Amino acid sequence: MIPFSPPRVDQKIIDEVVDTLKSGWITTGPKTKKLEVLLSDYCGHKSTLCVNSGSGGLELMLMWYGVGPGDEVIIPAYTYTATANVIMHTGAKPIFVDVKDDFNIDVDEIRAAITPNTKVIMPVDIGGFPCDYDEINALVRDKDIQAMFEPKGKEQNALGRILILSDAAHSLGAEYKGAKSGSLTDVTVFSFHAVKNLTTSEGGAICLNLPKPFVNDELYKSLNIKSLHGQSKDALAKSQIGNWRYDVLEAGYKYNMTDIAAAMGLVEIQRYESDMLVKRKYIFDRYAVAFSKYKWAWVPTYETEDKKSSYHVFMLRIHGISEVRRDQVIDGIFKREVSVNVHFIPLPMMSFYSKLGYSIGDTPNAFINYSHEISLPVYYDLTDKQIDTVIKAVVDSVMEMHEK
Ligand SMILES: Cc1ncc(COP(=O)(O)O)c(C=O)c1O
């Protein structure tokens, strides 16, 4: 069976993890701090806080911005459940809006959904393709929209407008008008979960890029404290001579990244652009060329004049197919020993959210994208022969479905 997305774990990664295990320091320490610096350098934002998951990073930032009951956060209906669940944890209400043909949130739909209760917009770079960031950034600075904003608390008063918190779980290395994901909005959060382009097994990073009056380095320090039970010092600082005494400044959370996890990320970030992205683009290009020959294939857009994907998920759609028939094609592909996936079942279709009263009928494009979509394997170690096998399995399964 060709797997969907196994992690790249080679000798370099194993050596770096073993080095950490033998170093005597396995939780947050020098490797996490080094990874933070390398991420800021690579993406071009002001400051990075590594955390133990992308979900944790998003949640921490919603709480930092004082989001809570009575507030609304706008997200696409077409995303992974983490995007909405973290909003639920704060007591605020997720507002699902529809997406476009490129799978990403529709800016006109965002505009229509904004109310005085809107505190945050969380665009999601689905599959690694950047959202329309110029339009989204302009929207929250629009005079009328800014006048509608009702700030609560220190942070909301300081920003004076809706916060853009990008869910960039998929888009490390993606580009928008020459700038990297991480530097495109106020705050961006990456995921380093096991299936992501860069993995630390579980992990994530908060990229800070807030405008004045915020000082991102100062904010880094306070978020660092918030992410570790509000302690004035982390374990490493406390272990230094004469430094054992600490204070608790707030009832913080437990979101810190371990150095074992950071060790994996350290190896990968240094070869990410020159190696990982090159390989993933090669696989995308091979799929695109192969499927473009078929009228039934709806090949995803992953590069335009302004945007470059991180080549995270290859989201093929089949024209003129129903949800049931798409499922038959998926069965046929699995029968041919290739593991595929669907990104994503829209959240209003999930029992939890549908029981809350959300309806997929309100976001028709999300349903169209979902019901036509099949995600194909993309991972570093995928060989040319395996790419051929994937292409043949998809083509044969579509043919078989048409014969039925
Ligand atoms: C779109 C999206 N947002 C957020 C997350 C959450 O990331 P993590 O698993 O690191 O918490 C994921 C993870 O798959 C995701 O796909």
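**Exercise 1. Determine the order of the strands in the seven-stranded open sheet, and state which strands stand at its edges.**

Step 1. The seven strands of this open sheet follow the order β1-β9-β8-β5-β4-β2-β3, and their pairing is mixed. Two strands pair if DSSP finds at least two bridges between them. Strands (E, at least two residues) and helices (H or I, at least four) are DSSP runs, numbered from the N terminus.

Step 2. The edges are taken by β1 (47-51) and β3; each has a single partner strand, so one side of each is left without a neighbour in the sheet.

Step 3. From one strand to the next, the twist averages 25°.

The model is a predicted one: local features need pLDDT of at least 70, side-chain atom pairs count only at pLDDT 80 or more, and totals for chains, interfaces and linings use all residues. Residues are numbered from 1 along each chain as its sequence is written.

**Exercise 2. Describe how strand β2 is joined to strand β4, and find the bridge partner of E72.**

Step 1. Strand β2 (residues 72-76) and strand β4 (residues 118-121) run parallel and are joined by three bridges.

Step 2. The bridge partner of E72 is T118, in β4.

**Exercise 3. Identify the strands that α2 and α9 touch, and give the angle of each helix to β1.**

Step 1. Helix α2 lies across β1 and β9, and runs at about 135° to β1. Angles run from 0 to 180 degrees between N-to-C directions, and axes are lines fitted to C-alpha atoms, for helices over the stretch in contact.

Step 2. Helix α9 also packs on the sheet, where it touches β1 and β9; its direction makes about 15° with that of β1. Two residues are in contact if their C-beta atoms, placed from the backbone, lie within 7 Å.

**Exercise 4. State which residues are closest to the ligand, and classify the shell around the ligand.**

Step 1. The ligand is surrounded by 13 residues, of which S53, G54, S55, A169 and S191 are the closest. A residue is near a molecule if its C-beta atom, placed from the backbone, lies within 6 Å of it.

Step 2. By class, the shell holds four nonpolar, eight polar and one charged residues.

**Exercise 5. Describe the two domains and the contact between them.**

Step 1. The chain is divided into domain 1 (11-269) and domain 2 (273-403), with bounds that come from an automatic or database domain assignment.

Step 2. The centres of the two domains, taken over C-alpha atoms, are separated by 27 Å.

Step 3. In the contact, 28 residues of domain 1 meet 30 residues of domain 2.

Step 4. On the side of domain 1 that touches domain 2, α4, β3 (93-97) and β6 (175-176) each supply at least two residues.

Step 5. The residues of that side divide into 13 nonpolar, nine polar and six charged.

**Exercise 6. Describe the three-stranded open sheet and the helix that lies across it.**

Step 1. The order of the strands is β10-β12-β13, and the pairing is antiparallel.

Step 2. The edge strands, β10 (297-298) and β13 (373-376), each pair on one side only.

Step 3. Two bridges connect β10 with strand β12 (residues 314-318); the partner of A297 is I318.

Step 4. Helix α12 (residues 272-292) lies across β10, β12 and β13, at about 10° to β12.

Definitions and conventions
Ala, Val, Leu, Ile, Met, Phe, Trp, Tyr, Cys and Pro count as nonpolar, Asp, Glu, Lys and Arg as charged, and the others, Gly among them, as polar.
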